[in-house]
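Please look at the sequence and the model together while reading this report.

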Amino acid sequence: MERIPILKMGPFLLVTIQVDLYDRLALTLENDLINMVSKTEAKGVLIDISAVSIVDSFMGRILGNIASMSKIMDAATVVVGMQPAVAITLVELGLTLAGVHTALDVEQGMELLRNKIGQIDTDEEGLYDSFI
Amino acid sequence: MIVLSKEKLSIQKEQDVVLFRNRIKELATKIGMSLVNQTKLITAASELVRNMLRYGGGGITHLEIVSKNSIPGVRLVFADEGPGIKDVTLAMKDGYSTGKSLGLGLPGAKRLVNEFDIKSEPGKGTTVTIIRWKNGL
């Protein structure tokens, strides 16, 4: 069965989608990613869709699902590299990807994830301080 | 309206969708459609072909290059012999779904194309026809 590879990079999981997705492939990715988040205790998931030319409502829903599920598993999700034509089409379709963090490229996406982890640390420190 | 080219593609399984999308891209590129217009057309087609597979049990698609007032466009027909849609007006509403989807498929697809026509008869099937013109108007 065809599968999209998931790479582990420090505390993050990295997925680069290089093929045009069909529904089953997208569902398998959703499943694999959530299992990997649990197994590796990843703190962030970065999905690069720069090679994806079509994102329809199903694919959009999968991206949203991955973000929600990761969040419950204490990991942040960022989707990077969306082509301008795809962004225009998504909004016209009626899908705004609310709840999914986005960045223009992998570098900025990584930065965003690092900041998110940093933020959590400071938040917890703050909580601790106020506790004392 | 003149039909400049015509072909048929049967859609019976999910993998057929990838081939179908690629073929639309070839046709749209052939008439010089911009990338944004192409993306809108293929996304709309992707929604409709999913409906055809999920609710209609697969079907036949027609891919045509048409021309009106010397402006070319791509016309796609999705015909299935599934159970049909009971209430087409309701099915065209944003957020309505009998499945577990977001309910954006039909209304979203309509927004992404220039011409949209749906005919459905319970027990006989559904036929959706869409056109996107090269200039996007």
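H2(A) is followed by A:Asp74, whose phi is positive, near 65°. Helices (H or I, at least four residues) and strands (E, at least two) are DSSP runs, numbered from the N terminus. This is a predicted model, in which local features need pLDDT of at least 70 and side-chain atom pairs count only at pLDDT 80 or more, while totals for chains, interfaces and linings use all residues. Residues are numbered from 1 along each chain as its sequence is written, and chains are lettered from A and ligands numbered from 1 in the order in which they are written.

The expected span of a helix is 1.5 Å times one less than its number of residues, so the 16 residues of H2(A) should span 22 Å, and the end C-alpha atoms, 22 Å apart, agree with this. A residue is called buried if 20 or more other C-beta atoms lie within 10 Å of its own, exposed if 12 or fewer, and partly exposed in between, with C-beta atoms placed from the backbone. Among the buried residues of H2(A) are A:Phe58, A:Met59, A:Ile62, A:Leu63 and A:Ile66. The cover over the buried residues of H2(A) includes H1, E3, strand E4 (76–80) and H3 of chain A, together with H2 and helix H4 (105–112) of chain B.

## The first helix of chain A

In H1(A), the buried residues are A:Leu25, A:Ala26, A:Leu29, A:Leu33 and A:Val37. They cover an arc (taken from the directions from the helix axis to the C-beta atoms) of only 105° around the axis, which puts them on the same side of H1(A). An α-helix has 3.6 residues a turn, so residues three or four places apart point the same way. On the face turned away from the buried side, H1(A) carries the exposed residues A:Asn31, A:Asn35, A:Ser38 and A:Lys39. After H1(A) comes A:Glu41, whose phi is positive, near 50°.

## Where the chains meet

Two residues are in contact if their C-beta atoms, placed from the backbone, lie within 7 Å. By this rule, 18 residues of chain A are in contact with 22 residues of chain B. H3(A) gives the most to the side of chain A that touches chain B, with six residues.

Leaving aside its neighbours within four places in sequence, B:Val49 is in contact with B:Ile11, B:Val17, B:Phe20, B:Thr61 and B:Phe78.
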